[in-house]
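Biologist: I should like to learn how to read the features of a protein model. May we go through them in turn?

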Amino acid sequence: MNAPATNQVRLERDGDVAVICIDNPPINAGSVAVRTGLLHAVDAVARDESLVAAVLIGAGNTFIAGSDLREFGLPLAEPQLPTVIAAIETCAKPFVAALHGAALGGGFELALGCDARVVAPGTVVGLPEVTLGIIPGAGGTQRLPRLVGVPRAIAMVCAGERVKSTAALACGLVDAQVQGNLRAAAVDYARSLAGKKQRLRDRPVPVSEPQAVKDAAAAAMKAGKGRPAVVAAIAAVKASAEQNFDAALAGEREVFQQLRVSHEAAALRHQFFAERDSAKHPALADVTPRAVGRVAVIGAGTMGTGIAIAVLDAGLEVLLLEQDGAALERGSARIHDHYAGRVRAGKMAPETAQSRPAKLRSSLEWNDLAEADLVIEAVFEDLDVKRQVFARIDAVARPGAVLASNTSYLDLDAIASATTRPQDVIGLHFFSPANVMRLMEVVRGKATAPDALATGLAVARKLGKLPLLTGNAFGFVGNRLYAAYRRQCEFLIEEGAWPEQVDAALQRFGFAMGPFAVADLSGLDIAWRMRQAQAATREPSARYVHIADRLCEAGRLGRKTGAGYYRYPEGGKAEMDEGTHALIAQARAEKGIVPRTIDDEEVQRRVLLALVNEAALLLADGVAAHATDIDVALVNGYGFPRWEGGPVFWARTRGQEALAREVDMLAERSGPGFVRGDLHQLFQ
């Protein structure tokens, strides 16, 4: 027997054991063709009296790394996954899932529907559905608790936790870990089960203390911000211990079907595909990145040390360079303290915490830069300062080294012109804290060589970042979007809203923080310097709000000075400040503006429209590579709610004609200087 069940599923034979091989590259997604092939193969195994057991295994580098998400917005085609799993459970012969690479989502549910699971080292298993706005829909919430108990299952499902093979074995998610030939070991294991069925559906759910269940649910609700999928997942997992298996299974499927067609699930799928597509750059597809083994970071401040930690965490060697000995000592200490803190928090093994900073070398000698394959400048955000630094780098860096600036808004070409090798210069805009934030903008200058750019993208991925390729323009993608967002919020308070109202309205929409609280946290002087840098090129007739400048002139720079848009008594929580209100009222009066009542809906709508319009301008200018890169930037770098998809997703739900009418309103409210973008680009 070596008969194909479908093109994606092969049915082979190893003596008296069937081997069902899933071959649907690149990740063996559980598409309708795969499900059809599996159902045919299971039926063939059941009918063949010479077979005593069967093995499910994935071709290539993985088992099944998830379902085909493209199917989720449509009516699901038959056979659906529960039908396949039911056939496996009904078959009198035992099935063993041989797991390698990843068994995630529907792939892991399929494995849980088998009688046993064997795993290759390094495999990850998990049920990430909640992170996509749905719940497991093929028995994951019912079979998992029978292995790990209700509290642990709630935590795993609601967080979309991915469990590595060794930990999976320790907690009973898999039955054996094999070092050698996975297929051969799985066949032997299946043969040993001949005549025995050990279905998870037949196991009782371990008894848990009620308080442990309550605590797990509360922790999941807090971490998951009470989103609908989290609420539904908790209820489904609890049902495993409260209802008979079939009733709870049917309830799980019903909720899954409801959630998968929800706005939130569509938005999360959109973000998933947007992040995946952001890495696709046909012009660089055949370009080989330069080799990078040693990275130099210039500047031992908060950003520089954060970058150094990110590079050390990726296993690369780091040279930390400073011109001031005391600053270098503080920076080195900050890095060592970071790793010590990770150990104290139980988030890193002591041996790992020792090995990573062992690859760090600190120096005051610029000549040491000659050792680096990649030099990352992380000094003060001032063009003259950065040009001076790059001139010094140019004098000592080895030929072919990639020279990167961590600038967040300055002209990369002006920086590169300080060198004799602008082809080697790129921007690597890390977001703060650099070792935590996932987004990284990789900036292309007019002279940047393709392999230098490819190196930046490769290094970003090596660091576990989500790289976004951008053109060279003030603020690149992220900060230019945020400037449009903040500007519209300033218009709103000039017209009659208050900072705390705008912040609250946007937090209710789902932003992690409001713009005025963010400004106070980061320091109002940062944006003030940006505005001063732009003053000479600002359109004189354009509407400009002076409120933030007045706050800075009054020494109210945010949390660090105890007052900004809010006041912070003794460094405590933000409080509404009458002084800020008085300053805003005075600014309105000076312009002859009579304040009006602005509701939360207008706040949210105008902010979103401002982002959408700026997105269109970025595309027209060639700064953003894809329309959906806008959503990737806002969600991963600026606290836009992932479950809303991003401003481009929001725009597409409005429709092009309706959106154009709303932007007309925005233009009227925004006044002189408002530039309309070509909205049709957002719908392509």
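Predicted model: local features only at pLDDT ≥ 70, side-chain atom pairs only at ≥ 80, totals over all residues.

Biologist: Where is Thr470 found, and which residues does it touch?

Modeller: Thr470 is found in strand β18. Leaving out residues up to four places away in sequence, Thr470 touches Glu441, Val442, Val443, Arg444, Phe476, Val477 and Val623.

Biologist: Is Ala404 buried or exposed?

Modeller: Buried means under 20% relative accessible area. Ala404, with a relative accessible area of 0%, is therefore buried. Ala404 belongs to strand β15, which covers residues 402-405. Apart from residues up to four places away in sequence, Ala404 touches Leu374, Val375, Ile376, Glu377, Phe390, Ile426 and Leu428.

Biologist: How should I read separation along the chain against separation in space?

Modeller: One compares a count of residues with a distance between C-alpha atoms. Ala404 and Met303 are 101 residues apart along the chain, and their C-alpha atoms are separated by 14 Å. Another pair is Glu49 and Ala667, which are 618 residues apart in sequence and 74 Å apart in space, C-alpha to C-alpha. Glu49 lies in the loop between α1 and β4 (53-58), and at 80% relative accessibility Glu49 counts as exposed.

Biologist: Which residues touch the most other members of the largest nonpolar core?

Modeller: The largest one here has 71 residues, and Phe63, Phe95, Leu110 and Leu173 touch the most other members. Helix α9 (residues 228-242) supplies the largest share of this core, seven residues. A second, separate core has 66 residues, among them Ala548, Leu557, Ala587 and Leu659.

Biologist: What is Leu173 in contact with?

Modeller: Setting aside neighbours within four places in sequence, Leu173 is in contact with Phe108, Arg117, Val125, Leu144, Leu147, Val148, Met156, Val163 and Ala168.

Biologist: How does one check the length of a helix such as α9?

Modeller: One compares an expected span with the distance between the end C-alpha atoms. The expected span is 1.5 Å times one less than the number of residues. For the 15 residues of α9 the span should be 21 Å, and the end C-alpha atoms are 21 Å apart, so the two agree.

Biologist: Which residues of α9 and α11 are buried?

Modeller: In α9, the buried residues include Ala229, Val230, Ala232, Ala233 and Ile234. The buried residues of α9 pack against α4 (140-148), α5 (150-159), α8 and α10 (245-260). In α11, Glu264, Leu268, Arg269, His270 and Phe273 are among the buried residues. The cover over the buried residues of α11 includes α9, α10, β18, α25 (629-637) and α26 (647-654).

Biologist: At what angle do helices α18 and α20 pack?

Modeller: Helix α18 (residues 478-495) and helix α20 (residues 515-522) pack at an angle of about 115°, and their axes are 10 Å apart. That angle makes α18 roughly perpendicular to α20. In this contact, Tyr482, Tyr485, Cys489, Glu490 and Ile493 in α18 meet Pro515, Phe516 and Val518 in α20. The residues of the contact divide into seven nonpolar, no polar and one charged.

Biologist: Where do Lys225 and Phe476 lie?

Modeller: Lys225 lies in the loop between α8 (210-223) and α9, and at 60% relative accessibility Lys225 counts as exposed. Phe476 is found in the loop between β18 (466-471) and α18, and at 0% relative accessibility Phe476 counts as buried.

Key: Residues numbered from 1 in each chain as written. Heavy atoms only, no water. Core = buried A, V, L, I, M, F, W, Y, C linked by side-chain atoms within 4.5 Å. Buried < 20%, exposed > 50% of the residue type's maximum accessible area, 1.4 Å probe, protein only. Helix = DSSP H or I, 4+ residues; strand = E, 2+ residues; numbered from the N terminus. Contact = heavy atoms within 4.5 Å. Axes fitted to C-alpha atoms, helices over the stretch in contact; angles between N-to-C directions. Parallel < 35°, antiparallel > 145°, perpendicular 65-115°, else oblique. Nonpolar A, V, L, I, M, F, W, Y, C, P; charged D, E, K, R; others polar.
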